[in-house]
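Q: I have a structure open and would like to learn how to read it. Can we go through it feature by feature?

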Amino acid sequence: MELEDQIKKYLAIARNYLDEGLKMLRGGDAHNAAEKVWASVKSATEALALRYHGTTRPPAGVSWRRFVKEAFRKAGLSEDEAEKLADYFLDVRGKLHGEVFYGFFYEDEEHRPLMERARDYLSLIERLLGFG
């Protein structure tokens with residue numbers, strides 16, 4: 001499969017998970033919504049990383065923070081913007097995937113904004129990759 005096709009596949013998966021997650025959130029299932037939104041953010045980030053790093057995972061010795069930040073920098077964002085987006089990725093992983101899904105700990109005012117912000121995150125990545 002060509003690189004562009006792989007990137008499109010990751011973005012389609014991200015869009016599908018986001019739609020499912022936000023629908024679950026509207027329906028009151030924050031627990032499962034959190035995991036779907038995390039999967040969306042992860043898949044979108046993997047698409048970005050595939051384009052700019054040639055892989056979806058950081059190499060040994062490289063943190064996810066640095067890996068994600070560098071992908072956003074290579075996509076043309078400023079150091080500050082890239083750092084904020086890497087922070088968001090880690091917040092979603094830790095809070096939605098960890099606290100809500102695995103920890104069964106949900107606070108609407110803490111976690112809902114992270115889920116809703118995923119729309120903007122995915123849209124930004126789609127634009128950076130030329131698909132938005």
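**Reading the helices**

A: Helices (H or I, at least four residues) are DSSP runs, numbered from the N terminus. This is a predicted model, where local features need pLDDT of at least 70 and side-chain atom pairs count only at pLDDT 80 or more, while totals for chains, interfaces and linings use all residues. Residues are numbered from 1 along each chain as its sequence is written, and side-chain values use heavy atoms, with hydrogens and water left out.

Q: Is Lys95 buried, partly exposed or exposed?

A: Learn the cut-offs first. Buried means under 20% relative accessible area, exposed means over 50%, and partly exposed lies in between (1.4 Å probe, protein chains only). Lys95 has 21% relative accessibility, so Lys95 counts as partly exposed.

Q: Which residues does Lys95 touch, not counting residues up to four places away in sequence?

A: Contact means heavy atoms within 4.5 Å. Lys95 touches Val100, Glu110, His111 and Leu114, with residues up to four places away in sequence not counted. Lys95 and Ser43 are 52 residues apart along the chain, and their C-alpha atoms are separated by 17 Å.

Q: How do I check the length of a helix?

A: Helix α1 (residues 3-26) has 24 residues and should span 34 Å; its end C-alpha atoms are 35 Å apart, which agrees. Helix α2 also has 24 residues. From its first C-alpha to its last, α2 reaches 33 Å, close to the expected 34 Å.

Q: Which residues of α1 are buried?

A: They are Ile7, Leu11, Ala14, Leu18, Gly21, Leu22 and Leu25. The cover over the buried residues of α1 includes α2 and α5.

Q: How many residues of α2 are buried?

A: In α2, 17 of the 24 residues are buried, and the helix is mostly covered.

Q: How do I describe two packed helices?

A: Two packed helices are described by the angle between their axes and the distance between the axes. Axes are lines fitted to C-alpha atoms, for helices over the stretch in contact, and angles run from 0 to 180 degrees between N-to-C directions. Take α2 (residues 30-53) and α4: they pack at about 150 degrees, with their axes 9 Å apart. That makes α2 roughly antiparallel to α4. Angles under 35 degrees count as roughly parallel, over 145 as roughly antiparallel, 65 to 115 as roughly perpendicular and the rest as oblique.

Q: Is the crossing of α2 and α4 left-handed or right-handed?

A: Picture the near helix over the far one. A crossing is left-handed if the near helix is turned anticlockwise from the far one by less than a right angle, and right-handed if clockwise. The crossing of α2 and α4 is left-handed. By class, this contact of α2 with α4 has 11 nonpolar, 4 polar and 3 charged residues. Ala, Val, Leu, Ile, Met, Phe, Trp, Tyr, Cys and Pro count as nonpolar; Asp, Glu, Lys and Arg count as charged; the others, Gly among them, count as polar.

Q: At what angle do α2 and α5 pack?

A: Their angle is about 20 degrees, and their axes are 10 Å apart. That makes α2 roughly parallel to α5. α2 passes α5 in a left-handed crossing. The residues of this α2 and α5 contact divide into 14 nonpolar, 2 polar and no charged.

Q: Is Ile125 buried or exposed?

A: Ile125 is found in helix α5. Ile125 is buried, with a relative accessible area of 0%. Not counting residues up to four places away in sequence, Ile125 touches Leu11, Ala44, Thr45, Leu48 and Phe72. Ile125 and Ala75 are 50 residues apart along the chain, with C-alpha atoms separated by 9.1 Å.

Q: What about Glu116: is it buried, partly exposed or exposed?

A: Glu116 is also placed in α5. At 34% relative accessibility, Glu116 counts as partly exposed. Glu116 and Val37 are 79 residues apart in sequence and 8.8 Å apart in space, C-alpha to C-alpha.

Q: Which residues of α3 are buried?

A: In α3 (residues 64-74), Phe67, Val68, Lys69, Ala71 and Phe72 are buried. What covers them includes α2, α4 and α5.

Q: Where is Phe104 found?

A: Phe104 lies in the loop between α4 (79-102) and α5 (108-128). Phe104 counts as exposed, at 65% relative accessibility. Its phi is near 55 degrees, a positive value in a residue other than glycine.

Key:
Helices (H or I, at least four residues) and strands (E, at least two) are DSSP runs, numbered from the N terminus. The expected span of a helix is 1.5 Å times one less than its number of residues.
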